[in-house]
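Here is a walk through a structure, taken one piece at a time. Keep the sequence and the 3D view side by side as you read.

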Amino acid sequence: MYRVAVVSGKGGTGKTFIASSLTILISQGSSVVSIDADVEAPDLEIALGGGDVIEVKELYEGRVAEVSYERCFRCLKCAEVCRFGAVSVLEGNVPVIDKYLCEGCGACSIVCPSGAISYVPSKLGTMKVVRTKFGYLVTASLDLGRRGSGHLVELEKSRGLELAKESDAKFIVLDGPPGIGCPLIATVVDADYVVIVTEPTPQALHGLARVAEVVKFFGKKFGVVINKFDVNEEYCTLVEKWCKEHGGSILGSLPYDRCVVEAYTRVTPPLLYCKERKSPCFEAMVSIYENLLRDLGV
Ligand code: SF4
Ligand code: SF4
């Protein structure tokens, strides 16, 4: 089984288009499971045209404190002891715990003289399994204000692996998050190959260099896709030079194409829309896929 992670140093580079297109192209010849690891802004489900939701699971991690106002006699010892600023005090000395700031450390319940503080599990997010036309998709969204996106990606990967074994999948495609934080590390750490998507702009090249540093730290093989190459063709030479110097292969380039945007507005997989419209993006994407297989030695 091959695990291919699609990432980028910055958002909006076309990463989900590449991940969904690879999933679709792979699904024509073998079974594939896709995972949306961009848990703060998941949209791979839309790029794959949706499907039947066959599983929904709420995920919890840690705990948060809760006050029973029937037992509380407003001494405010909890507010004094909290080092995370999670207890604010309303008029009448009423303590209120902010679930986004509470670390569940337990100090407030230790000092509370009336036993008014208890704990409830803290919701991390929601994970779904969707049966798309192109195989199973595991997608998840992190709850507002929560940390733990890396952990959520780990949970998605475990479910994705189970589904890949059940369906005898040859590939797992991960649509990674932008940036270089915990969810990016969770996305690439056990990948067999990392596709880094960039654009011919200084910001995107800077993002490429940062994300490649992480990828190389984990000893991963990587290839680069230059999206919207025709926006600044001269800059592509710089990206190619950078790849040569840093050991990445160039998987290919995609032109700027309004078809991709139009496809999203119609909730149609952009690759299929590009094919229907005879857009050059389709052939370019097929070539990127073939180069990926070549690099993987498949
Ligand atoms: S320490 Fe306990 S009794 Fe005192 S204000 Fe806090 S919750 Fe109420
Ligand atoms: S559990 Fe810890 S972080 Fe949460 S309110 Fe109590 S003292 Fe503050």
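Let's start at Val 32, which sits in strand β2 (residues 32–36); helices (H or I, at least four residues) and strands (E, at least two) are DSSP runs, numbered from the N terminus. Is Val 32 buried or exposed? With 26 other C-beta atoms within 10 Å, Val 32 is buried. The cut-offs are these: 20 or more other C-beta atoms within 10 Å of a residue's own make it buried, 12 or fewer make it exposed, anything in between is partly exposed, and C-beta atoms are placed from the backbone. Val 32 and Met 1 are 31 residues apart in sequence, and their C-alpha atoms are 9.5 Å apart in space.

A word on what you are looking at: this is a predicted model, in which local features need pLDDT of at least 70 and side-chain atom pairs count only at pLDDT 80 or more, while totals for chains, interfaces and linings use all residues. Residues are numbered from 1 along each chain as its sequence is written, and chains are lettered from A and ligands numbered from 1 in the order in which they are written.

Now zoom out. The chain has 11 helices and 11 strands, and its C-alpha trace spans about 70 × 40 × 35 Å along the principal axes. Of the 298 residues in the chain, 44% are buried. The chain is divided into domain 1 (2–51 + 133–296) and domain 2 (61–123), with bounds that come from an automatic or database domain assignment. Taken over C-alpha atoms, the centres of the two domains are separated by 43 Å.

Because 6 of its 7 residues are buried, β1 is largely enclosed by the rest of the structure. Which strands does β1 pair with? One is β8 (residues 171–178), which runs parallel to β1 and is joined to it by 6 bridges; two strands pair if DSSP finds at least two bridges between them. Within this pairing, Val 4 has Val 173 of β8 as its bridge partner. Another is β9 (residues 193–198), also parallel to β1, with 4 bridges between them. Here Val 7 stands opposite Ile 196 in β9.

Val 224 counts as buried, with 22 C-beta neighbours inside 10 Å. Val 224 and Ser 31 are 193 residues apart along the chain, and 24 Å separate their C-alpha atoms.

Next, look at β4 (87–90) and β5 (94–97). These strands pair in the antiparallel sense over 4 bridges, and Val 89 stands opposite Pro 95 in β5. Together β4 and β5 form a hairpin with 3 residues between them, and Gly 92 in the turn has a positive phi of about 85°. The loop between β4 and β5 also holds Asn 93, which has a positive phi of about 60° although it is not a glycine. Most residues other than glycine have a negative phi. Asn 93 is exposed, with 12 other C-beta atoms within 10 Å.

The ligands come next. Around ligand 1 there are 14 residues, the closest being Cys 72, Cys 75, Cys 78, Cys 112 and Ala 116; a residue is near a molecule or strand if its C-beta atom, placed from the backbone, lies within 6 Å of it. The shell of ligand 1 has 11 nonpolar, 1 polar and 2 charged residues, where Ala, Val, Leu, Ile, Met, Phe, Trp, Tyr, Cys and Pro count as nonpolar, Asp, Glu, Lys and Arg as charged, and the others, Gly among them, as polar. Ligand 2 has 14 residues around it, of which Cys 82, Cys 102, Cys 105, Ala 107 and Cys 108 come nearest. The shell around ligand 2 divides into 11 nonpolar, 2 polar and 1 charged.

Finally, follow the chain to Lys 278, in the loop between α10 (270–276) and α11. Phi of Lys 278 is positive, near 55°, and Lys 278 counts as exposed, with 10 C-beta neighbours inside 10 Å. Helix α11 (residues 280–296) has 17 residues and reaches 25 Å from its first C-alpha to its last, close to the 24 Å expected at 1.5 Å a residue, that is, 1.5 Å times one less than its number of residues. Its buried residues are Cys 281, Phe 282, Ala 284, Met 285, Ile 288, Tyr 289 and Leu 292. They cover an arc of only 165° around the axis, so they lie on the same side of α11; the arc is that of the directions from the helix axis to the C-beta atoms. Glu 283 and Arg 294, on the other side of α11, are exposed. After α11 comes Gly 297, with a positive phi near 75°.
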